[in-house]
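Dear colleague,

Please find below the structure that I am handing over to you. My notes on the fold follow directly after it.

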Amino acid sequence: MTTTTTAPSLPADLTAAAAVERAERPPITPRPGPREFDGVPKHWFAGLPVPTQISNGVNLLFPAGERFFVRSVYHYLDRIDDPKLKEAIKGFGGQEGRHARSHEDFFAAMRGHGYEIDRFLKVYEWLSYTLLERLAPPPLRLAATAAAEHYTAIMAAGAAADVPLELAHPAMRQLLYWHAAEELEHKSVAFDVLQQVNSSYALRVAGLAMSTAMLVSMWWTATLYLLWQDGITPWKAAKSLRAMREVRPSEPIFRRVFLRGIRAYLRRDFHPDQDDNYHLAKTLLAKAEAARVEAAAATTAVSA
Ligand SMILES: [Fe+2]
Ligand SMILES: [Fe+2]
């Protein structure tokens, strides 16, 4: 029997103003995340190298990316008068800082498995955050952040519906579910700041182009680099993904995140609140807690 993953919808049934009015936004609460990844195996996603390295590829981008997002939004903190939005910005900063630290802790486990990641990180961080940050003006950096937050919100909603993620090692499930929950909680912050600072559609689209180019190129490069270290060629990886989809049909992540995400974001009247999914944050936090308990039990069993 095969099952089909239901991709999260990106509806536009409400105007941006009506969606914001309807949204029941949860408080943006920074919580401590997992910091211990010693027991995580090399291929932590069901023992499969290809899904593991696709996930590891984006994981490598998170810490520096999230610090860039925080810098881009905090740049405008003094220009925001709305006390609620100011509070939300601080919650967003607190959450992203913790995400970056937890994902960096996982880097140590990757190094422990013998992966060379530091050369990649050096090039990625120089290209993205030294060169680009110097060249792109603050409004464009903010627009790129708002677009990137749109992508992370789509991935976060996908995590709530992703049954195979249950096959991942519990420590990684805890990391990914916890991160996804908080991404949903703060999904509107950067977009709302952008709307207040500069609501130009052209700027929003330029930010989307910059963010998409960076994320797609770096995610692919990181994934291929890690697969190469596993001795897996791109065509072998593609063949293995095709075989997996025959067993369990699902929409490829690049299509779901990027093609559908771009289409939604290009609507002139787009707002993150049009996707009514804040409630998924609670589901994801419950999954993260269950994974935390499982990971702790596994650690106790190993050390007993
Ligand atoms: Fe994050
Ligand atoms: Fe975020």
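The radius of gyration is taken here over C-alpha atoms, and the rule for a globule is 2.2 Å times the number of residues to the power 0.38. For 304 residues a compact globule would have a radius of gyration near 19 Å, and the chain agrees because its own value is 19 Å. The C-alpha trace spans about 55 × 40 × 40 Å along its principal axes.

This is a predicted model, in which local features need pLDDT of at least 70 and side-chain atom pairs count only at pLDDT 80 or more, while totals for chains, interfaces and linings use all residues. Residues are numbered from 1 along each chain as its sequence is written, and chains are lettered from A and ligands numbered from 1 in the order in which they are written.

The pLDDT (the predictor's confidence in each residue, from 0 to 100) averages 90 over the chain, with 93% of the residues scoring at least 70. Over residues 1-7 the pLDDT is below 50, and this stretch has 16 contacts in the model beyond near neighbours in sequence. Two residues are in contact if their C-beta atoms, placed from the backbone, lie within 7 Å.

The chain has 11 helices and zero strands; helices (H or I, at least four residues) and strands (E, at least two) are DSSP runs, numbered from the N terminus. Of the contacts with a separation of 6 or more, 90% join residues 24 or more positions apart.

Of the 304 residues, 40% count as buried, meaning that 20 or more other C-beta atoms, placed from the backbone, lie within 10 Å of a residue's own; exposed is 12 or fewer, and partly exposed is in between. Thr221, in helix H8 (residues 201-229), counts as partly exposed because it has 16 C-beta neighbours inside 10 Å.

With kind regards
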